[in-house]
Amino acid sequence: MSKIARAVIFLLSALLSFFFIFAVKSQNDRNIAKLNSSSHRKTKKNPIDSFLNSLNDLPDAYSDSDCLANFDLATTKIPKKSAIETTNHVSKIIHQSWKNNILPKKFVEWQNTWKVTHPDWEYKLWTDADNDKLCETDFPWFLERYKSFPENINRADVARYMYMYKYGGVYADLDVVCLRSHEPLVPIGGAIVPLMRNMPFEGEGWKDEHDIPNAWMASEPGHPFWLYLLKHINSKDNNGQTEALSGPIVEWYALQEFEKTNTDPEAIINYIAPGLIFPFDWRIWDHRRELCYAQSPQFNISACNSNYDLSKAFTITYWSHSWGDGDHLANIEKLE
């Protein structure tokens, strides 16, 4: 074979080797890109991270890192999707309740703060008759207990837990005034409860059984805590004070038990830091109580609000204590 022929064969071999290596590399690059793209698509974005990042896009009142939460970030799992609705967001529904559709004058004014700040949300005022039907239709296993309660406030208490489990959304007593839209809470999901003074898991958390009022709550629909709470109440007898029978005290204890015994890492409880839902703590006995307590002769909303930094607060309540019988009936008259 001549030198020229050998040179041609060598050149062709070199070219073929080059094209083969180039083709293999290109295919590897495409596979890596495809793998990265697939991995990116399958990675679920933590809703709490998204929520915290969104603070940069909110008004100045929300820009402070202490503004919203100190949510419990002990777990970063995405909240469990509801068995009732395919969403892990807080539903855009506002729930409030009263014995009928005729509200005291002040309640009408405070009710409107929710409608004005949430024009595109569903609003539902539940009556006693509505609550009865809800229990009969959706929680028949609880009906005997429901009917046996000594006071109507007990039925109103458990009804709000039923709203949270079936529908999700935000529940607020009628003396809770809405100061700003709750839209930023929607993507959080889970069950959201407010703290009035102490932070659980920190220092003296879980110290005061009145520290988590049930006058406000929010949730994705179908969160297991609300069902756990209802079953817990159903297992107790009718002895004890109202708050311990169906209200904030039994909720406070049930939260602790749920946190200790729950084995579902996706059933998240989020705690809103003190001051954001209940700036006025009814347990504080100073000049603010006379100004902020709805039943006080010196009750003055403007003077009350001036004692608090409400730039970060979602709500404030004036604790009308309109529930129950006896002396509480006189409290209702003061709301006219």
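**Cores, a disulfide and confidence**

Visitor: Which residues touch the most other members of the largest nonpolar core?
Guide: This is a predicted model, in which local features need pLDDT of at least 70 and side-chain atom pairs count only at pLDDT 80 or more, while totals for chains, interfaces and linings use all residues. Residues are numbered from 1 along each chain as its sequence is written, and side-chain values use heavy atoms, with hydrogens and water left out. A nonpolar core is a set of buried Ala, Val, Leu, Ile, Met, Phe, Trp, Tyr and Cys residues joined through side-chain atoms within 4.5 Å, where buried means under 20% relative accessible area, exposed over 50% and partly exposed in between (1.4 Å probe, protein chains only). Of the 41 residues in the largest such core, those touching the most other members are W114, W216 and Y318.

Visitor: Which elements each supply at least two residues of this core?
Guide: Helices (H or I, at least four residues) and strands (E, at least two) are DSSP runs, numbered from the N terminus. By that numbering, the elements that each supply at least two residues are α3 (105-117), β3 (169-172), β4 (176-178) and β6.

Visitor: How many residues does the second, separate core have?
Guide: Among its members are L134, C135, I212 and A254, and C135 counts as buried at 0% relative accessibility. The size of this second core is 35 residues.

Visitor: Which residues does the disulfide join?
Guide: A disulfide is a pair of cysteine sulfur atoms within 2.5 Å, and a search of the whole structure finds one. Its S to S distance is 2.0 Å, and the residues joined are C292 and C304.

Visitor: Why does this pair tie together parts that are twelve residues apart in sequence?
Guide: Both cysteines are buried, C292 with a relative accessible area of 0% and C304 at 0% relative accessibility. The pair ties those parts together because C292 lies in helix α10 (residues 287-292) and C304 in helix α11 (residues 301-305).

Visitor: Which backbone nitrogen lies 2.7 Å from a polar atom of the side chain of E220?
Guide: E220 lies in the loop between β6 (216-219) and α7 (224-234), and E220 is buried, with a relative accessible area of 1%. The backbone nitrogen at that distance belongs to G190.

Visitor: What is the mean pLDDT of the chain?
Guide: pLDDT is the predictor's confidence in each residue, from 0 to 100, and it stays under 50 over residues 27-86. Residues reaching 70 or more make up 66% of the chain, and the mean is 75.

Methods
Contact = heavy atoms within 4.5 Å. Polar contact = N/O pair within 3.5 Å; in protein donor to acceptor, adjacent residues only side chain to side chain.
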